[in-house]
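Please consult the sequence and the structure shown here while reading.

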Amino acid sequence: MIIAHTIEEVRTQIRQARNEGKQIGFVPTMGYLHEGHLSLVKISKRQSDFQVMSIFVNRIQFNDRKDFESYPREYERDFALAEKAGVNLIFLPEEEEMYHNQRTFVEVESLADHLCGATRPGHFRGVCTVVAKLFNIVLPDVSVFGRKDIQQALIIEKMVKDLNFPIRIIIAPTIREEGGLAMSSRNKHLSSDERKRALSINRGLHAAKSRIESGIRRKEEIIAAVRSELEKSTPDKIDYIELVSYETLQPIEHIEGRTILAIAAFFGSTRLIDNMLIEPEGDSFTCVL
Ligand code: AMP
């Protein structure tokens, strides 16, 4: 596995892989790898021949300095896990390599109005800017994103379409810990009590699932069921519990088509997000966590 720190090195390696007729797969990450990240590599390997992973804690997508500074970083551990998963090239740039007097930023309109876009101003502008840059550096054929961050994945998909990046975006299922907590690098910050309480996010999603599958469609009733589960575990703050259209990411009052139920809540100072897909199936809906 090659570890590249500069854009130049990445370009050289990619050129070589291309000359060998290889298709390039790309998984962007912020590191502190877990099974969720590795599942993306696994999917990418089925679709391409040369696996690139970036590890870059992207300051411009953080709206909280403390969150940026305390974001877990353990690169040696990441290298071992990535190599085992079959990554061929890691791109681990310094901030100066990525941003030098940057004056160009990428924004996708309207899809960032709600959910994390509303509670983390500027977050998706930072995400889109770094991903656009990484796409231009790596020039992948395919890139895999996790459904855990569904709003991010859909915004990237839209950016790729709108800006004509010749890249196929794949959205991969959420990988969960035992008990149902969605894997996240930030879970490292949870105390054992917070971790236990955070399972209420999953219980909230299941409470909504059983209601939706029994025919309830009204937002109010569904959100109340989730809130009641969450509140049993006294989260330190509920950022949002929201039902939005899959297509527009705008809030809806009544489930009709493809819908996302999304949650963001703090346990201690750790902000966790999770979601469930609500898919029409004949006259009913199936819920996918
Ligand atoms: P991050 O390092 O948190 O920025 O995540 C990098 C990529 O991994 C993003 O596409 C995330 O959506 C994805 N990811 C993070 N956690 C999970 C998970 N539990 N299951 C699947 N994908 C995930």
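Helices (H or I, at least four residues) and strands (E, at least two) are DSSP runs, numbered from the N terminus. The model is predicted: local features need pLDDT of at least 70 and side-chain atom pairs count only at pLDDT 80 or more, while totals for chains, interfaces and linings use all residues. Residues are numbered from 1 along each chain as its sequence is written, and side-chain values use heavy atoms, with hydrogens and water left out.

I260 is placed in strand β8 (residues 259–267). With a relative accessible area of 0%, I260 is buried (buried means under 20% relative accessible area, exposed over 50%, partly exposed in between; 1.4 Å probe, protein chains only). Apart from neighbours within four places in sequence, the contacts of I260 (heavy atoms within 4.5 Å) include I150, L154, Y246 and M276. The C-alpha atom of I260 is 24 Å from that of R195, and the two residues are 65 residues apart along the chain.

D78 belongs to helix α4 and likewise counts as buried, at 0% relative accessibility. Leaving aside neighbours within four places in sequence, D78 touches G31, Y32, L33 and I55. A polar side-chain atom of D78 lies 2.9 Å from the backbone nitrogen of L33.

**Helix α2**

Helix α2 covers residues 35–47; at 1.5 Å a residue its 13 residues should span 18 Å, and its end C-alpha atoms are 19 Å apart, which agrees. The expected span is 1.5 Å times one less than the number of residues. Among the buried residues of α2 are G36, H37, L38 and I43. Their cover includes β2 (24–29), β3 (50–55), α4 (75–85), β5 (142–146) and β6 (168–172).

**The ligand site**

The ligand is surrounded by 17 residues, of which the closest are M30, H37, D149, I175 and M183; a residue counts as near if one of its heavy atoms lies within 4 Å. By class, this shell has eight nonpolar, seven polar and two charged residues. The table gives polar contacts, which are pairs of N or O atoms within 3.5 Å.

| Residue | Residue atom | Distance to a ligand oxygen |
|---|---|---|
| H37 | side-chain N or O | 2.8 Å |
| G146 | polar backbone atom | 2.9 Å |
| D149 | polar side-chain atom | 2.6 Å |

On its own the ligand has 480 Å² of accessible area, and the protein covers 93% of it (Shrake-Rupley method, 1.4 Å probe). The elements β2, α2 and β5 each give two or more residues to the shell, and α2 gives the most, with three residues.

Conventions:
A polar contact is a pair of N or O atoms within 3.5 Å; within protein, one must be able to donate a hydrogen and the other to accept it, and residues adjacent in sequence count only if both atoms are side-chain atoms. Ala, Val, Leu, Ile, Met, Phe, Trp, Tyr, Cys and Pro count as nonpolar, Asp, Glu, Lys and Arg as charged, and the others, Gly among them, as polar.
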